[in-house]
Each structure stands twice: as structure tokens, then as C-alpha cells.
Amino acid sequence: MPFWIEGWLEVTRMGPPEEDEHSWQGVLRIGPLVDCADEVSEELFGLSRRLVSSDEPHGAVAARRGIPPHPSAELRADLERIAQHEQLHGPGELGGYTYATWLELKTFRASHPAVQSSDWAVVFDIAERIVRDERFSGERLRLVVWYNW
């Protein structure tokens, strides 16, 4: 059974801390771009089949943070669909909700050459292009992820 990574690249035009519950917007669904969990998923988010199916400790950069404050409408819609699915089929197929800020993503990419040969390369490339626009610079971009097993 495959272990997929789902999620959203989100942006805001407001500076942290975001007071407006509608300040974040989903700009890119990452599921179609990241075929499966890999070394990057594991070291950045703590998401891999091995880590999720054990209590093994790990030092992932952005593991187990849950849903970020003020999720985008796109993320909220996915969470509602997931909740409906779990009501019908029970929990366990989806989980591991967490997120990383732009600074964390940028730092991770600079210190992990594996990103370039990973499915994550295109997500990081798009994120870098977005933050070149001053409206989305600094901590106005984040990546929210979870697994689908």
C-alpha cells in the first residue's frame, strides 16, 4: 500500500502574527507533485511509512506540529473531507499533520542536497519563486502536509 504525502503550499499578505482567520490562502496542492514519501519527507516532516508505523524517535525539523493557526479555506475543505472519510471508514489512513515555515524550508534545502533529486525539488522551486515577490517574503509562506496511507 502506497504512503503518499498530501498538503498545501499557503501564502499570506499579512505579517506575523496573523490576526485574521482568513489571512492564509492555498496556492499549490502538493499531492500531485510529490509521488511518495522519501528522505526529504522523513527528515523535514517526520513522515514516512517507517516513522509513522513505529514509536521510533526522530529529529525531523517540523514533525508533529498539527494544523497551523488560521488554515486556508483550501486546507479547511480538505480537512472537512478527511473528517467525513474518517466517520465512514474510521481513523488511521490519514494523519501526521504538520507544517514548516519558509525559513525552515530554505534552511533545510541549503543543508540537504537530497532535495534536488527528490520529488520535493519542484515544490521548493515554486516556493522560492513565490517568495521572490515581496508580498510573500519572510514568513508569509508555509507548507502544510500530512500522510495518506
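**View A. The buried residues of helix 5 in the predicted model.** In this predicted model, helix 5 buries Trp120, Ala121, Val123, Phe124, Ala127, Ile130 and Val131. The cover over these buried residues includes strand 1 (4-12), strand 2 (24-29), helix 1, helix 4 and strand 4. Helix 5 consists of 12 residues, and the distance from its first C-alpha to its last is 17 Å, which is close to the 16 Å expected at 1.5 Å a residue.

**View B. The two sides of helix 4.** Helix 4, formed by residues 102-111, has Trp102, Leu105, Phe108 and Arg109 as buried residues. When the helix is seen down its axis, these buried residues fall within an arc of 130°, and they therefore line one face of helix 4. On the face turned away from this buried side, helix 4 carries Leu103 and Ala110, which are exposed. The packing partners of the buried residues of helix 4 are helix 1 (39-45), strand 3 (94-101), helix 5 (120-131) and strand 4 (141-148).

**View C. The crossing of helix 4 and helix 5.** The axes of helix 4 and helix 5 come within 11 Å of each other and cross at roughly 125°, so the two helices are oblique to each other, and their crossing is left-handed. On the helix 4 side the contact is made by Trp102, Leu105, Phe108 and Arg109, while helix 5 contributes Ala121, Phe124, Asp125, Ala127, Glu128 and Val131.

View D. Leaving aside residues up to four places away in sequence, Leu94 touches Ile82, His85, Glu86, Trp146, Tyr147 and Asn148. Asp55 lies 39 residues from Leu94 along the chain, and the C-alpha atoms of these two residues are separated by 17 Å.

View E. Ser41 is located in helix 1, and because its relative accessibility is 1%, Ser41 counts as buried. With residues up to four places away in sequence left out, the residues that Ser41 touches are Ile5, Cys36, Gly46, Leu47 and Trp120.

Technical notes: Residues numbered from 1 in each chain as written. Predicted model: local features only at pLDDT ≥ 70, side-chain atom pairs only at ≥ 80, totals over all residues. Heavy atoms only, no water. Buried < 20%, exposed > 50% of the residue type's maximum accessible area, 1.4 Å probe, protein only. Helix = DSSP H or I, 4+ residues; strand = E, 2+ residues; numbered from the N terminus. Arc of directions from axis to C-beta. Contact = heavy atoms within 4.5 Å. Expected span 1.5 Å × (residues − 1). Axes fitted to C-alpha atoms, helices over the stretch in contact; angles between N-to-C directions. Parallel < 35°, antiparallel > 145°, perpendicular 65-115°, else oblique. Left-handed = near helix turned anticlockwise from the far one by under 90°.
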